[in-house]
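Subject: Handover of a structure and notes on its packing

Dear colleague,

Please find below the structure that I am handing over to you.

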Amino acid sequence: YMGRDHKACDEAFAHVEVTVADRNWTAAETGFNTFCKRMFRHFAMEEDILFSAFEDETGMTGGGPTQVMRSEHMQMRALIDEMKGAMDARDADRYLGESETLLILLQQHNMKEESMMYQMIDQALAPHVAELLERCNALE
């Protein structure tokens, strides 16, 4: 479920890069808004629902794996803010530079989640999967 959501976020991200490179600012703004909505929803599913439930179930808080993921989310939010500034300024070079940095961070982050964090969550929260998915699906 979350891996598929990564792919949807990645596709939205790639679409914006193409429109910015083409200097199609109307499409770029629309695409950027879609990308942000998807990313922030993804972060909320993880931080507010899955990571919290995992921490409650396992007692891993403070310096555990969810804290590392949250820290990386903060870094990504900062880059997205920089990209927004570049978008507002119609500065394609700045936008594409920031997006390249975000792409590298996203690739590393997603690999950690998909190869480690999601497996830990699946193992710890298997009895609660239906309720957790329902809560994730309810987020807008």
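Are α2 and α5 roughly parallel or roughly antiparallel to each other? Please bear in mind throughout that this is a predicted model. The axes of α2 and helix α5 (residues 129-138) come within 10 Å and cross at roughly 155°. Angles over 145 degrees count as roughly antiparallel, and α2 and α5 are therefore roughly antiparallel to each other. The crossing in which α2 passes α5 is right-handed. On the α2 side, Arg41, Met45, Asp48, Ile49, Leu50 and Ala53 take part, and they meet Leu132, Arg135, Cys136 and Asn137 in α5.

I turn next to the aromatic rings. A pair of such rings is described by the distance of the centres and the angle of the planes. The count comes to four aromatic pairs. In one of them, the ring centres of phenylalanine 32 and tyrosine 95 are 6.0 Å apart and the planes stand at 75°, so this pair is edge-to-face. Because phenylalanine 32 lies in helix α2 (residues 25-58) and tyrosine 95 in helix α4 (residues 92-125), the pair ties together parts that are 63 residues apart in sequence. Phenylalanine 32 and tyrosine 95 are both buried.

Another pair is formed by phenylalanine 40 and phenylalanine 43, with centres 6.2 Å apart and planes at 45°, so the pair is tilted. Both of these residues belong to helix α2, where they are three residues apart, about one turn of the helix. Phenylalanine 40 counts as partly exposed, at 36% relative accessibility, whereas phenylalanine 43 is buried, with a relative accessible area of 1%.

Ring pairs also link Phe13, Phe32, Phe35 and Tyr95 into a cluster.

The nonpolar cores complete these notes. The largest nonpolar core has 23 residues, of which Val20, Phe32, Phe35, Met39, Met87, Tyr95 and Leu102 touch the most other members. At least two residues of this core are supplied by each of α1 (2-21), α2, α3 (65-88) and α4. The largest share, seven residues, comes from α2. Apart from this core lies another, of 15 residues, among them Phe51, Met117, Leu132 and Cys136.

Leaving aside its neighbours within four places in sequence, phenylalanine 32 is in contact with Val16, Ile80, Met83, Lys84, Met87 and Tyr95.

With kind regards

Definitions and conventions:
Residues numbered from 1 in each chain as written. Predicted model: local features only at pLDDT ≥ 70, side-chain atom pairs only at ≥ 80, totals over all residues. Heavy atoms only, no water. Phe/Tyr/Trp six-rings, centres within 6.5 Å; stacked < 30°, edge-to-face > 60°. Helix = DSSP H or I, 4+ residues; strand = E, 2+ residues; numbered from the N terminus. Buried < 20%, exposed > 50% of the residue type's maximum accessible area, 1.4 Å probe, protein only. Core = buried A, V, L, I, M, F, W, Y, C linked by side-chain atoms within 4.5 Å. Contact = heavy atoms within 4.5 Å. Axes fitted to C-alpha atoms, helices over the stretch in contact; angles between N-to-C directions. Parallel < 35°, antiparallel > 145°, perpendicular 65-115°, else oblique. Left-handed = near helix turned anticlockwise from the far one by under 90°.
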